[in-house]
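Please look over this model with me. My notes on its helix contacts and ring pairs follow below.

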Amino acid sequence: MDKYGLTYITINRANLLHNARFFKEKSNKQLIAVIKSNAYGHGMLEVAKILNEEADVFAVDSLDNALSLRKNGITKPILILNPIDYNYLDIVLENDLMITVNSLTELQKLTQDTDKLKLHIKVDTGMNRFGIKSQHELDEMLNYIKTKKWQLVGIYSHFHSPNDEIYSIRQQKRFLEMLESIDHEFTYIHLCSTSAVLNNLDIPETTHVRIGLGLYGICDSPDVKPVLSLYAKIVLKKLVSAEEIVGYGAKFKPKQDMWIGVLPCGYADGIIRHNTSRQVYIDGHYTDIIGSVCMNAMMIRLPHPHVEGDVELIGPHVSALEVAHHLNTISYEVTTILPAHLKRIVI
Ligand SMILES: Cc1ncc(COP(=O)(O)O)c(C=O)c1O
């Protein structure tokens, strides 16, 4: 992380806790806080330390992330969602981590027969990504697990279109059919992500909800509050005349003399080139990014030469949802691509 950088992210602790409590109360379930991919760009360790008081479980995508949590004092249960390299199973056991198994073939690669190993079975109820699809394979896996000392602690699936009621009910039905076929007490049964909870999908058979986006407050709901803001300092102000151009490829030509500000961040900092011409906020004014975004710099139009303070690239006045709209993508992507080198300040 760049300790001395002029571009920085702030993480609003109160909003993060508010969102976590909201999802727990609304779902009336325990919370698996999804903090994979550097907590959707928010900073995994910063987020985990704040959420430690509200989350019941943390979910990450890799063994490295899980280890980093343990090394930084997180003692809560940790579930690794993505497949791992089983050559490193010892590390999983030493650090009391839970792993996801997606097939009988995977199970057969688990060489240690120990009751320290905690497994969640992933069921593919329609997304065709991770998980087992057939009842037959599920039965085979369960029979195999019975021959081992392992702890089968959890079972879960994932909605591919949680905003679509027909698809979601179909997936829920499939999940419950498989769950009902199993004579086993699970500690963790989980299916609902952010949109499923917001759409009031209440599944009494589940014990936990698995929430990512909603924790960060970047979904379309009046009940959650955004957590992340991204700011950059203006490092240079200059007057550009109407005959001149701004930036690579001479893409911007002012129609009249104008003041511009140079910011020390660019596409290497997660502000991809498609951000050109989108709004930013400074000193009580909305203004815009001009010219092509460079690798480590960009230029903005200044409302006047005396503006003060830092430029808000994402934050209370420029939401990640609006940025996503401009970039023709989803808010997940807008924050997740903010690189780890950017300083995160918890406020
Ligand atoms: C397996 C799994 N569970 C839960 C989530 C969290 O989903 P959301 O961020 O929509 O809450 C994700 C997100 O990608 C996921 O892949």
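**Notes on helix packing and aromatic pairs**

1. The axes of helix H1 (residues 13–27) and helix H3 (residues 44–51) come within 10 Å and cross at roughly 60°. Helices here are DSSP runs (H or I, at least four residues), numbered from the N terminus. Residues are numbered from 1 along each chain as its sequence is written. This is a predicted model, and local features need pLDDT of at least 70, while side-chain atom pairs count only at pLDDT 80 or more.

2. H1 is therefore oblique to H3 (angles under 35 degrees count as roughly parallel, over 145 as roughly antiparallel, 65 to 115 as roughly perpendicular and the rest as oblique).

3. Arg13, Leu16, Leu17 and Ala20 of H1 touch Val47, Ile50 and Leu51 of H3 (contact means heavy atoms within 4.5 Å).

4. The count of aromatic pairs is 6. Rings of Phe, Tyr and Trp (its six-membered ring) pair if their centres lie within 6.5 Å; planes under 30 degrees apart are stacked, over 60 edge-to-face, and the rest tilted. Tyr40 and Tyr332 form a tilted pair, 5.9 Å centre to centre with 35° between the planes. Tyr40 sits in helix H2 (residues 36–40) and Tyr332 in helix H12 (residues 331–336), 292 residues apart.

5. Tyr40 is buried at 8% relative accessibility, whereas Tyr332 is partly exposed at 35%. Buried means under 20% relative accessible area, exposed over 50%, partly exposed in between (1.4 Å probe, protein chains only).

6. Tyr144 and Trp150 also form a tilted pair, with 6.0 Å between centres and 50° between planes. Tyr144 is partly exposed at 22%; Trp150 is buried at 5%.

7. Ring pairs join Tyr40, Tyr216 and Tyr332 into a cluster.

Note on methods
Side-chain values use heavy atoms; hydrogens and water are left out. Helices (H or I, at least four residues) and strands (E, at least two) are DSSP runs, numbered from the N terminus. Axes are lines fitted to C-alpha atoms, for helices over the stretch in contact, and angles run from 0 to 180 degrees between N-to-C directions.
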